[in-house]
Amino acid sequence: MANHSQLNFQDASSPIMEELMGFHDHALMVALAICSLVLYILTLMLTEKLSSNTVDAQAIELVWTILPAMVLITLALPSLRILYMMDEINEPDLTLKAIGHQWYWTYEYTDLKNLTFDSYMTPTTDLPLGHFRLLEVDHRVVVPMSSTVRVIVTADDVLHSWAVPTLGVKTDAIPGRLNQTSFLANRPGVYYGQCSEICGANHSFMPIVVEATPLANFESWSSSHPS
Amino acid sequence: MLASRVFSLVGRRSISTSLCLRAHGHAGVVKAEDYTLPVYADRRDVPLPEVAFVRDLSAQQRALKEKEKASWSALSVDEKVELYRIKFNETYAEMNKGTNQWKTILGGVLFFLGVTGLILIWQKHFMYGPVPHTFSEEWVSAQTKRMLDMRVNPVQGITAQWDFDKNEWKK
């Protein structure tokens, strides 16, 4: 989860998110270079007296056509690399379904047993001391850590979006459509996210909580749940 | 069908144009729009304007223009300045002189920022309710402890700032 005034990304808990953070650093550097160049040229322009010499300039027109093309390539290549990396065939160990409703999520683990449950937000009035307002849920999505998990996301009524920023996951839940995403949790931990597509009055109040645990814990959890 | 519509458009245009001609009685001369006529402008990047600034010269000015046709060393400084003022509106120095407009603009911006601030203060005082109980100091400290126990953001975030051996924030 994020601190109260956090502006930057949360620490990455999956390899894809690490890649995305690296790309973001790269893109921001490019943006910084462009902005400082523009600011410099702007001050030059504003302090330069106009004269008949400043009305046309063929060489610079060529430069500021070629240079942006090169900048775009510098951005496009890493971006596409990560895009294709996200779509690699990765043979997930576990498949789970996330179904969005107004205003809660349903999770189905139907690989080996018939495990289905709803996940509602814990109301602020019922929060135990020290728990996170608008983020806690009654039933978390437990997954084994260091295992590729495939999530099939869909919705029952209106558009929703299943997002967990620290895992680098955001997938729209569209009624009548199955969208697939996958992640791998590097560390054991509890990861929070919120519904990311406006879906009505309680759109801000249907969070997602993923709990990544060692495989033994996951297995005991799933067997302790009635099928 | 299309051809006849085109013809009627062309026909209509020729009629209206000829009406214009007849009304003005210039017989073949089209009225020139203002923006096509040469105009005077003080601009650094177009240093020689299309027309002189003063078009209708007084008798005195006309006499001066006649004198200009002779040797220029015979002209006094005042006469040269007068000739300049006939040709041009402003000197380069006058053209480039700044204005005091920035003070007005800055003042206006700061004023409206102040008004916005007053609105925000009014809102906080009269409109908003109390913040949720999870913002109390007791809750926030319990929450922070829970975040550290859960190892939230352990790489560079909050847990990375906590020294678990000494039980205090890292210096």
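1. Chain A is divided into domain 1 (15-87) and domain 2 (94-224), the bounds coming from an automatic or database domain assignment. The C-alpha centres of these two domains of chain A lie 38 Å apart. In chain B, the division is into domain 1 (27-97) and domain 2 (132-170), and their centres, taken over C-alpha atoms, are separated by 78 Å.

2. This is a predicted model, in which local features need pLDDT of at least 70, side-chain atom pairs count only at pLDDT 80 or more, and totals for chains, interfaces and linings use all residues. Residues are numbered from 1 along each chain as its sequence is written, chains are lettered from A and ligands numbered from 1 in the order in which they are written, and side-chain values use heavy atoms, with hydrogens and water left out.

3. The largest nonpolar core has 31 residues; such a core is a set of buried Ala, Val, Leu, Ile, Met, Phe, Trp, Tyr and Cys residues joined through side-chain atoms within 4.5 Å. Buried means under 20% relative accessible area, exposed over 50%, and partly exposed in between (1.4 Å probe, protein chains only). The members touching the most others are A:Tyr107, A:Tyr109, A:Val143, A:Trp162 and A:Val210. Strand S5 (residues 148-155) of chain A gives the most to this core, with four residues; strands (E, at least two residues) and helices (H or I, at least four) are DSSP runs, numbered from the N terminus.

4. A second, separate core of 13 residues includes A:Phe132, A:Tyr192, B:Leu148 and B:Met150.

5. A:Gln10 is found in the segment before helix H1 (15-47) of chain A. This residue, A:Gln10, counts as buried, at 12% relative accessibility. Contact means heavy atoms within 4.5 Å; leaving out residues up to four places away in sequence, A:Gln10 touches A:Met1, A:Ala2, A:Met21, A:Pro165, A:Thr166 and B:Asn153.

6. Over all chains, the structure holds 13 salt bridges, each a side-chain nitrogen of Lys or Arg within 4 Å of a carboxyl oxygen of Asp or Glu. One of them joins B:Glu68 and B:Lys65 (3.3 Å, N to O), both in helix H2 (residues 59-68) of chain B and three residues apart, about one turn of the helix. Another pairs B:Lys67 with B:Glu79 (2.9 Å, N to O). That pair links distant parts of the chain, B:Lys67 being in helix H2 of chain B and B:Glu79 in helix H3 (residues 77-87) of chain B, 12 residues apart.
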